[in-house]
Amino acid sequence: ALTSVIFFFLLSISFIGMTKITMPPSSASVSTTHEVPVSGRVIAQLQGDTISLKLEWLGKSPGAVKGKAVRVPASSKNQDLITACEKLAAQFKEKFPEEKTLQIALASQLNYQELISIMDGLRKDYQDLVLSSYTEAD
C-alpha cells in the first residue's frame with residue numbers, strides 16, 4: 001500500500017512538472033463600489049388557471065414588471081407563457097442592457113413543462129438562467 005502511495009505521488013509530481021499546470025495563489029479583493037446588484041428574478045405563481053409572472057429587481061432603482069399566461073395541459077408547450085416571458089425579458093433588457101443573468105423562482109404547484117416554457121421565453125435575451133428555490137415563489 002505504501003508503494004502505491006509513493007508511486008502515485010511521484011506520478012502526480014512528474015505530471016504537474018511536465019504539463020506546468022499549477023494552482024494560482026489565492027487572493028482577496030476589496031470592492032470599491034457600494035452598489036447593490038440588479039439581481040433580476042422571475043417569480044412564477046399559480047392563481048386558479050392562470051400563471052402569474054413577476055420580474056423584479058434590486059439596485060439603484062428597484063422595481064418590477066408583471067405578466068400573465070393561461071395554463072395549458074402539462075403535456076403541451078405553453079406558447080402564451082413563452083410570449084409573456086419574452087415580453088418581460090424585453091422590458092428588463094431595455095432597462096438594464098448590461099445584465100446577462102436572470103433567476104427563476106417557480107411555485108411548487110407548477111410543473112416541469114411550465115419551467116421549460118418560462119426558460120424558452122427568457123432564453124432569447126438571457127443565456128444565463130439560474131433556478132431558485134420554490135420557497136421564494138410560494
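# Fold, core and local contacts of the predicted model

User: Ser39 lies in the loop between which two elements?
Analyst: The model is predicted. Within it, Ser39 belongs to a loop, and the elements on either side of that loop are α1 (2-19) and β1 (41-47).

User: What is the phi of Ser39?
Analyst: Most residues other than glycine have a negative phi. Ser39 is a residue other than glycine with a positive value. With a relative accessibility of 31%, Ser39 counts as partly exposed. Its phi is near 50 degrees.

User: In what order do the elements of the protein run from the N terminus on?
Analyst: The protein holds three helices and five strands. Starting at the N terminus, their order is α-β-β-β-α-β-α-β.

User: Why is the protein described as more spread out than a compact globule, and what is its radius of gyration?
Analyst: The C-alpha trace spans about 65 × 45 × 25 Å along its principal axes. For 138 residues the globule rule gives 14 Å. The protein is well over that value and is therefore more spread out than a compact globule, with a radius of gyration of 23 Å.

User: What percentage of contacts between residues at least 6 apart in sequence join residues at least 24 apart?
Analyst: Of the 138 residues, 30% count as buried. As for the contacts between residues at least 6 apart in sequence, the share that joins residues at least 24 apart is 59%.

User: Which residues are in contact with Leu122, leaving aside its neighbours within four places in sequence?
Analyst: Leu122 is among the core residues that touch the most other members. When neighbours within four places in sequence are left aside, its contacts are Val42, Cys85, Ala89, Leu102, Ile104 and Leu129.

User: Is the ring pair of Trp57 and Phe92 stacked, edge-to-face or tilted?
Analyst: The count of aromatic pairs comes to four. In the pair of Trp57 and Phe92 the ring centres are 5.6 Å apart and the planes stand at 50 degrees. Planes under 30 degrees apart would count as stacked and over 60 as edge-to-face, so this pair is tilted.

User: How many residues apart are Trp57 and Phe92?
Analyst: Both residues are buried. Trp57 is in strand β2 (residues 50-57) and Phe92 in helix α2 (residues 79-95), and the pair links distant parts of the chain. Their separation is 35 residues.

User: Which residues do ring pairs link into a cluster?
Analyst: The rings of Phe92 and Phe96 also form a tilted pair, with centres 5.1 Å apart and planes at 50 degrees. Phe92 is buried at a relative accessible area of 0%, and Phe96, at 10%, counts as buried. The cluster linked by ring pairs consists of Trp57, Phe92, Phe96 and Tyr126.

User: The charged end of which residue sits over the ring of Tyr126?
Analyst: Tyr126 is a member of the aromatic cluster. A charged end lies 4.7 Å from the centre of its ring, and that end belongs to Lys93.

User: Which side chain does Lys54 join through a polar contact of 3.5 Å?
Analyst: Lys54 lies in strand β2 and is partly exposed, with a relative accessible area of 29%. Beyond four places in sequence, Lys54 touches Arg41, Val42, Ile43, Ala64, Val65 and Lys66. The side chain joined to Lys54 by the polar contact of 3.5 Å is that of Glu56.

User: Is Ser52 buried or exposed?
Analyst: Ser52 lies in strand β2. Not counting residues up to four places away in sequence, Ser52 touches Ile43, Ala44, Gln45, Gln47 and Gly67. The cut-off for buried is under 20% relative accessible area, so at 15% Ser52 counts as buried.

User: At what distance does the side chain of Asn78 reach the backbone nitrogen of Leu81?
Analyst: Asn78 lies in the loop between β3 and α2 and, at 2% relative accessibility, counts as buried. Its side chain reaches the backbone nitrogen of Asp80 at 3.2 Å. For the backbone nitrogen of Leu81, the distance is 3.0 Å.

Technical notes
Residues numbered from 1 in each chain as written. Predicted model: local features only at pLDDT ≥ 70, side-chain atom pairs only at ≥ 80, totals over all residues. Heavy atoms only, no water. Helix = DSSP H or I, 4+ residues; strand = E, 2+ residues; numbered from the N terminus. Buried < 20%, exposed > 50% of the residue type's maximum accessible area, 1.4 Å probe, protein only. Phe/Tyr/Trp six-rings, centres within 6.5 Å; stacked < 30°, edge-to-face > 60°. Lys NZ or Arg CZ within 6 Å of the ring centre and 35° of its normal. Core = buried A, V, L, I, M, F, W, Y, C linked by side-chain atoms within 4.5 Å. Contact = heavy atoms within 4.5 Å. Polar contact = N/O pair within 3.5 Å; in protein donor to acceptor, adjacent residues only side chain to side chain. Rg over C-alpha atoms; globule rule 2.2 N^0.38 Å.
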